[in-house]
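Biologist: Hi! Could you walk me through this one? I'm new to reading structures.

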Amino acid sequence: MADTDMELPQLYLVTPPELELSLFPDQLARVLDAHDTACLRLSLATKDEDRIMRAADTCREVAHARDVPIVIAEHALMVERLGLDGVHLGDGARRVRKTRDDLGNDAIVGAFCNASRHDGMTAGEAGADYVSFGPAGSTGLGDGTQAEADLFDWWSKMIEVPVVAEGALTEDIIRTLTPFTDFFAIGEEIWRTDDPSATLARLLGAMTR
């Protein structure tokens with residue numbers, strides 16, 4: 001049973017893997033203006049450095065104008081050069097300690113640990129600011145492994161490092177995980193819809209329904 005006085009999880013917004021720079025900044029601004037956001041993750045499918053840099057510059061301006069920190073997925077070497085606030089590492093604990101050493105204590109360093117309790121604990125011990133588990137929902141991708149509710153439940157009781165739930169989030173999953181997670185990372189769930197801000201409002205509303 002959820003405690004009615006508990007602090008609700010915060011929103012961790014993730015960009016779509018492909019974004020149109022002539023349109024996305026306005027779309028992003030509308031979402032950030034409508035929803036309190038703890039952090040923005042730039043998560044692009046492209047490996048083209050020029051495209052990544054242009055997207056980072058654009059998204060950083062929108063985010064920082066609203067006092068929202070922005071991290072980039074994977075590209076730790078670009079963080080300082082692009083004036084970003086940190087990095088989200090997708091391979092568990094492997095690079096956390098070196099990345100923390102390279103970027104310093106002020107940078108945000110997060111680690112995606114799939115559904116591995118051990119990886120999560122190792123990442124936390126290595127200096128990760130948060131650990132992310134997922135997919136929380138069914139995606140049909142990868143080997144089918146999901147981060148189940150009992151993992152978040154255990155983590156929230158045993159570990160102090162903040163935890164993020166992400167991947168194929170639905171209203172039902174958000175409702176279930178609300179008592180056990182610190183952040184919901186939401187991205188493709190909303191950007192594929194006609195009205196991302198309204199879709200996000202519906203998803204976040206599940207925390208209190």
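Biologist: What share of the residues in the protein chain is buried?
Modeller: Of the 209 residues, 47% are buried, where buried means under 20% relative accessible area with a 1.4 Å probe, counting protein chains only. This is a predicted model, where local features need pLDDT of at least 70 and side-chain atom pairs count only at pLDDT 80 or more, while totals for chains, interfaces and linings use all residues. Residues are numbered from 1 along each chain as its sequence is written, and side-chain values use heavy atoms, leaving out hydrogens and water.

Biologist: How many helices and strands are there?
Modeller: The protein chain has eight helices and eight strands. Both are DSSP runs numbered from the N terminus: helices (H or I) have at least four residues, strands (E) at least two.

Biologist: And in what order do the strands close into a barrel?
Modeller: The order is S1-S2-S3-S4-S5-S6-S7-S8, with parallel pairing; two strands pair if DSSP finds at least two bridges between them. From one strand to the next, the twist averages 25 degrees, using lines fitted to C-alpha atoms and angles from 0 to 180 degrees between N-to-C directions.

Biologist: How many bridges join S2 to S3?
Modeller: Three bridges link S2 (residues 39-42) with S3 (residues 70-73), and the two run parallel. There, Arg 41 stands opposite Val 71 in S3.

Biologist: New topic: what does the C-alpha trace span along its principal axes?
Modeller: About 45 × 40 × 35 Å.

Notes: Buried < 20%, exposed > 50% of the residue type's maximum accessible area, 1.4 Å probe, protein only.
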